[in-house]
Amino acid sequence: MISIIKKSLLIVFLATLLSPAFFVKPHIVSACSCVVPISAEEQVKGELDRKSAIFEGTVVDIKQPPQKLVMSTADQVRVTFEVSRVWKGVVREQAEVYTAMSSASCGIENFEVGTKYIVSAYEDSKPLETNICDLTKPIAAAKAELAILGTGYAPTESGNLMPITLIVTIAIIIIGLIVWLIVKRHKVRL
């Protein structure tokens, strides 16, 4: 008699536990969803306000993330562009942009070496990043956006930034040494 009660309780418990699975309809969930602007003009204006860089460039290299035991759809792919025109930001002749390796994490999966793109990217204390919700797309599919953006300007020459950075760094070091020597001499006299 006790075993029949135990079996009955087990069946009631399991039925109670599993019953929501039969009556509750699951919601459809998207890992990545974008707010679609009303027009190309609205999207371009929004991108110009929010993004760090907008440029035109040809893909010259795509580097997938290193293989690990556990991979994520959000692991970053590095895409290198030869930049031909810029609309926003200080962009060098060659720019690296990162994107998630899967569209499930809003990454752009279809970059192709040799294809020219309009790239809209943001820089949040790390390298430039883009995703499928941005303006980034092949130039062939961006005629309306290009008309709104206008002519743009040339990218910054890669060679010009390095000497300036080097000169500023050396100047800061020299000034620091002079200040250190003055302070050291002043302390010796006291």
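**Which strands pair in the parallel sense over two bridges?** They are β3 and β5, where two strands count as paired if DSSP finds at least two bridges between them. This is a predicted model, in which local features need pLDDT of at least 70 and side-chain atom pairs count only at pLDDT 80 or more, while totals for chains, interfaces and linings use all residues. Residues are numbered from 1 along each chain as its sequence is written, and side-chain values use heavy atoms, with hydrogens and water left out.

**Figure 1. The whole chain, to get your bearings.** The chain holds four helices and six strands. Helices (H or I, at least four residues) and strands (E, at least two) are DSSP runs, numbered from the N terminus. Read from the N terminus, the order of elements is α-α-β-β-β-β-β-β-α-α. Of the 190 residues, 26% count as buried; buried means under 20% relative accessible area, exposed means over 50%, and partly exposed lies in between (1.4 Å probe, protein chains only). A contact is a pair of heavy atoms within 4.5 Å. Among contacts between residues at least 6 apart in sequence, 66% join residues at least 24 apart.

**Figure 2. Strand β3 and its partners.** Here you can follow β3 with a strand on each pairing. β2 and β3 run antiparallel and are joined by seven bridges. Within this pairing, Glu 82 stands opposite Gln 94 in β3. The two strands make a hairpin with five residues between them, and Gly 89 in the turn has a positive phi of about 95 degrees.

Figure 3. The whole structure has four aromatic pairs. Rings of Phe, Tyr and Trp (its six-membered ring) pair if their centres lie within 6.5 Å; planes under 30 degrees apart count as stacked, over 60 as edge-to-face and the rest as tilted. Phe 81 and Phe 111 have ring centres 5.7 Å apart and planes at 80 degrees, so the pair is edge-to-face. Phe 81 lies in strand β2 (residues 76-88) and Phe 111 in the loop between β3 (94-100) and β4 (116-121), so the pair ties together parts that are 30 residues apart in sequence. Both Phe 81 and Phe 111 are buried. Phe 81 also forms an edge-to-face pair with Tyr 117, at 6.3 Å centre to centre and 80 degrees between the planes. That pair reaches from strand β2 to strand β4, across 36 residues. Ring pairs link Phe 55, Phe 81, Phe 111 and Tyr 117 into a cluster.

**Figure 4. The largest nonpolar core.** A nonpolar core is a set of buried Ala, Val, Leu, Ile, Met, Phe, Trp, Tyr and Cys residues joined through side-chain atoms within 4.5 Å. The largest one has 17 residues, and those with the most contacts inside it are Phe 55, Phe 81, Val 83, Val 91, Val 97, Phe 111 and Val 119. Two or more residues come from each of β1 (53-63), β2, β3 and β4, and β2 gives the most, with five. A second, separate core of nine residues includes Leu 135, Ile 139, Leu 146 and Leu 149.

**Figure 5. The buried face of helix α2.** The buried residues of α2 are Gln 43, Val 44, Gly 46 and Glu 47. Seen down the helix axis, they fall within an arc of 165 degrees, so they line one face of α2; the arc is that of the directions from the helix axis to the C-beta atoms. What covers them includes β1, β4 and α3 (143-149).

Figure 6. The link is left-handed, with -75 degrees about the S-S bond. Cys 34 sits in the loop between α1 (2-23) and α2 (40-50), and Cys 133 in the loop between β5 (128-129) and β6 (137-138), 99 residues apart. Cys 34 is partly exposed at 33% relative accessible area, and Cys 133 is partly exposed at 28%.

Methods. A disulfide is a pair of cysteine sulfur atoms within 2.5 Å.
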